[in-house]
Number of protein chains: 2
Amino acid sequence: MYNCLIAQSGGPTSVINSSVVGLVDENKKSKTFENVYAGLNGIEGILNENIINLSQCDEKKLNVFKLTPSSGLGSCRYKMKDFNKDESEYKRIFSIFNKLDIKAFFYIGGNDSMDTVSKLSEYAKNKNIDVKIIGIPKTIDNDLPITDHTPGFGSAAKFISTVTLETYLDSSVYINNGIFILETMGRDAGWLAASSCLATLNKKPIVDFIYLPEVPFNEEKFIKDVEKKYKEQNHVYIVASEGLKDNTGNFLSTLKTTGCHDNFGHAQLGGVGNYLKNLILNKEITTRVKSLELGVLQRCAMHISSSTDVEEAYNAGAAAIKLYLKGSSGYMVAIKRLNGNLYNTEFFSVKACDVANNVKYVPKDFINAEGNGVNEKAYNYIKPLVAGNVELFYENDLIDYSIFTK
Amino acid sequence: MYNCLIAQSGGPTSVINSSVVGLVDENKKSKTFENVYAGLNGIEGILNENIINLSQCDEKKLNVFKLTPSSGLGSCRYKMKDFNKDESEYKRIFSIFNKLDIKAFFYIGGNDSMDTVSKLSEYAKNKNIDVKIIGIPKTIDNDLPITDHTPGFGSAAKFISTVTLETYLDSSVYINNGIFILETMGRDAGWLAASSCLATLNKKPIVDFIYLPEVPFNEEKFIKDVEKKYKEQNHVYIVASEGLKDNTGNFLSTLKTTGCHDNFGHAQLGGVGNYLKNLILNKEITTRVKSLELGVLQRCAMHISSSTDVEEAYNAGAAAIKLYLKGSSGYMVAIKRLNGNLYNTEFFSVKACDVANNVKYVPKDFINAEGNGVNEKAYNYIKPLVAGNVELFYENDLIDYSIFTK
């Protein structure tokens with residue numbers, strides 16, 4: 001009998017480990033592979049033969065691992081070279097696979113990781129190597145094309161909409177309140193910022209303005225909107241995506257920063273909240289302006305995760321085993337939302353190369369006419385993804401999480 | 001029959017509304033007052049006769065209000081003048097009390113609010129006015145003297161220790177990890193930063209260094225500690241209080257800021273995380289340094305509140321009614337921790353003037369010898385305060401909160 005290997009890549013999410021456990025459990029049921037090995041720190045760790053055997057792990061640890069946020073197998077940001085130019089890494093990877101009798105490699109990741117899935121499967125096909133390469137989606141950014149949404153987004157959206165409501169309440173306790181700016185992640189797509197539309201009080205949405213990277217940021221319009229709303233309400237609540245760009249396509253947040261880049265050439269963002277805060281201060285609308293950057297909390301706040309999201313991530317892991325059994329390689333598990341009044345989904349598969357390096361933006365018809373908010377379509381799309389609470393494990397009154405690294 | 005009035009003051013907490021509901025419920029049981037009125041926006045709103053009747057509020061709304069974070073009656077930061085110099089505000093307040101047949105005024109707040117309780121009760125005594133003034137403690141800072149701890153702190157500590165663990169996991173997924181700095185609130189006392197000691201993985205504490213305002217910050221020692229730990233672990237996790245001061249007593253965070261002050265003359269802080277980040281970058285220990293400021297989330301994250309804290313806040317409201325029935329005025333409800341293996345508390349009362357403008361620091365014997373962390377005594381003191389989860393109300397899959405302002 002043969003084995004399989006699973007690994008995680010890219011930025012963590014709250015539910016990325018659920019997919020690992022879903023795959024391990026499905027393998028136990030289907031007896032597809034003798035062992036599920038895990039590569040620690042993604043492809044980078046696999047190249048160093050940093051590999052463990054999850055099939056030898058006891059069930060209790062796996063149950064806790066399923067509800068542990070962040071990449072518990074470790075992660076990497078590693079761009080594989082074009083094998084036509086340099087195949088040394090490919091040779092090394094497939095010789096390690098061969099040594100461990102690995103017939104399937106499952107890679108949990110986002111756009112960049114699907115690039116790796118696509119390249120590895122292409123290479124295997126070219127060399128007639130019988131190893132299937134299958135992608136499992138994850139990203140809080142929800143920016144993968146074709147799939148209805150990505151595991152990880154629902155929990156991030158739940159955290160964001162919850163703290164939007166809580167910080168709204170916090171920011172409106174005085175007679176004279178100021179302006180509150182919440183900065184979310186979202187380099188290219190505004191899904192995370194858009195999810196703040198779920199925050200409601202007395203069934204009314206509480207966010208005054210939501211700014212998405214999909215709409216070129218117009219400083220004059222922003223000032224005008226905020227000034228007017230502040231006069232009306234003595235309080236303005238703004239949500240802004242870190243990826244806001246001006247009308248020439250430059251990130252607002254890099255206009256005043258030095259502009260570091262990661263290995264994929266993405267600009268390291270941050271600071272849009274403070275940028276907007278300074279616009280308001282310079283215009284002297286009020287001196288009471290607070291900006292809060294949610295930062296990495298968005299991708300690890302398992303304590304307020306969505307059970308819908310956790311279960312979908314788990315089932316996506318199981319679906320990957322089924323995709324293998326169909327003989328697929330170079331494909332990613334994807335989610336289809338079924339028609340009907342109740343939220344319901346099924347899995348299908350898409351070519352990893354069609355996902356890699358592509359982006360799913362918030363569609364125009366989810367954005368309001370003014371370009372400073374989202375509409376009911378966005379609300380209806382996001383809302384089912386945050387449903388349901390998760391009961392975490394506690395040990396001696398403290399949350400119990402479990403990882404395989406360190 | 002007579003009425004009473006309750007109001008909230010100062011910075012919000014997650015459980016400040018629980019105390020209001022505890023008082024309303026105890027009044028229903030004890031039939032002490034005909035009506036519980038609430039002043040919106042504290043003393044500032046009372047001066048404007050912005051007063052509602054909570055006894056006419058339906059039970060469902062009150063139940064939701066009990067589990068709603070942030071000052072749901074509105075708040076203020078209003079320092080009352082010395083009545084020997086100007087008694088106009090005092091006259092106005094007691095004439096409003098008289099008009100509404102108010103025999104007791106309950107004020108939920110921290111140090112500054114107890115100053116108001118003390119002044120109002122002194123004035124009433126001097127003028128032979130039969131209105132009792134009673135304080136109910138609240139502050140996430142846990143810096144009120146005499147009381148074992150303050151309602152609001154346990155939930156803030158639970159949020160901080162939870163996200164410490166979650167961001168620790170997030171910050172350690174790569175082969176080469178960097179240095180993560182979590183900045184907590186805490187202007188004078190380091191209780192909030194100290195609460196990160198509860199974050200454990202495999203029963204081991206995960207925070208490498210905790211910096212408290214109680215220990216003068218030593219730049220050289222900091223650099224040395226961090227450099228050594230980074231070499232050992234390739235990852236350092238640091239928690240720092242916003243109120244860190246150098247050995248001359250200057251706030252680190254104001255060394256490079258303009259230094260705004262609020263109405264009480266407190267410096268507006270923020271930015272310690274970035275200050276430490278720059279120290280590390282300048283020393284070239286690593287370029288991978290992330291700093292996250294938790295900001296107001298610490299005082300409004302009801303979604304991960306402590307049920308111990310919620311119930312104590314609720315019972316503190318009830319205890320205030322009992323204090324009134326004893327004939328007390330100018331006192332604050334305080335919490336005594338009873339001896340024994342199991343956590344258990346009872347209420348007693350302290351003079352508001354002994355609380356006002358005093359600070360309870362993290363004691364020396366809670367801090368480690370190196371001055372860069374806390375010990376088991378701190379752990380044992382804080383841990384019982386975070387115990388137990390709260391089931392919030394949900395409406396149509398979204399959290400349901402309810403307030404009386406807006």
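The legends below describe close-up views of a predicted model. Local features need pLDDT of at least 70, side-chain atom pairs count only at pLDDT 80 or more, and totals for chains, interfaces and linings use all residues. Residues are numbered from 1 along each chain as its sequence is written, and side-chain values use heavy atoms, without hydrogens and water.

**View 1. Contact between chain A and chain B.** Chain A and chain B each give 62 residues to the contact (heavy atoms within 4.5 Å). About 5000 Å² is buried between the two chains, 59% of it from carbon and sulfur atoms; buried area is the accessible area (1.4 Å probe) that two parts lose on being put together, summed over both.

View 2. Four salt bridges are found here (a side-chain nitrogen of Lys or Arg within 4 Å of a carboxyl oxygen of Asp or Glu). One of them joins A:Glu395 and B:Lys203, at 3.4 Å from N to O.

**View 3. Domains of chain A.** Domain 1 covers 3–151 + 303–358 + 388–399 and domain 2 covers 153–300, with bounds from an automatic or database domain assignment. Their centres, taken over C-alpha atoms, lie 32 Å apart. Domain 1 of chain A gives 23 residues to the contact and domain 2 of chain A gives 19.

**View 4. Buried area between the domains of chain A.** Domain 1 and domain 2 of chain A bury about 1800 Å² between them, with 57% from carbon and sulfur atoms. A:Arg77, A:Ile140 and A:Ile304 supply 33% of the area that domain 1 buries against domain 2, more than any other three residues. Zero salt bridges are counted between these domains.

Terms used: Chains lettered and ligands numbered in written order.
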